[in-house]
Amino acid sequence: MARVIVMDLSRHNTVMIGHDRYFVLHEGERSVLVRDHCPHRGGPLSLARRTPDGRRLSCPWHGTKVGVSAVKRSCLPMVRSGDEAVVVLPETGVPVSVIHKEILANLPPDPTHDEGAESR
Ligand code: FES
């Protein structure tokens, strides 16, 4: 059986499920709750900045460019209405907490970005 939580997005943007962290990524008018985990070595994609084209996140650990579409594939089911979001979590039996964290990935693209390694 799934576990459902309600988030107040005006106060919280991050969900901890045991040791796994998910953050609210804004994509235009939509918001998705995605895993805060770089596919290279697990860096915090919430602290990544977008490339100038806005299509990738540049991981702060080693600079891998991760496609936003790939990041979105890690999302948990979430329905948003205003500042309220209903999220369906996997039933893992681990503690869950909802917190506020700095999210750089939602800032405008970084104009100083240079092209480098890429992961899709
Ligand atoms: S952990 Fe993200 S680039 Fe290495």
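**Starting with a pair of strands**

Over how many bridges do strand β8 and β9 pair? Strand β8 (residues 78-81) pairs with β9 over 4 bridges, in the antiparallel sense. Strands here are DSSP runs of E with at least two residues, numbered from the N terminus, and two of them pair if DSSP finds at least two bridges between them.

A quick note on the model: it is predicted, so local features need pLDDT of at least 70 and side-chain atom pairs count only at pLDDT 80 or more, while totals for chains, interfaces and linings use all residues. Residues are numbered from 1 along each chain as its sequence is written, and side-chain values use heavy atoms, with hydrogens and water left out.

**Around β9**

β8 and β9 make a hairpin with 2 residues between them. Gly-82 sits in that turn, with a positive phi of about 60°. Glu-84 in β9 is the bridge partner of Ser-81, and Glu-84 is also the bridge partner of Asp-8. Strand β1 (residues 3-8) runs antiparallel to β9, joined by 6 bridges.

In a regular strand, side chains alternate between the two faces of the sheet. For β9 (residues 84-89), Ala-85, Val-87 and Leu-89 make up the covered face, and Glu-84, Val-86 and Val-88 the uncovered one.

**The open sheet**

Another piece to look for is an open sheet of 4 strands, in the order β4-β3-β2-β10, with antiparallel pairing. β4 (30-35) and β10 (96-99) are its edge strands, each pairing on one side only. Strand β2 (residues 14-17) is joined to β10 by 4 bridges, and Val-15 stands opposite Val-98 in β10.

How values were computed:
Buried < 20%, exposed > 50% of the residue type's maximum accessible area, 1.4 Å probe, protein only.
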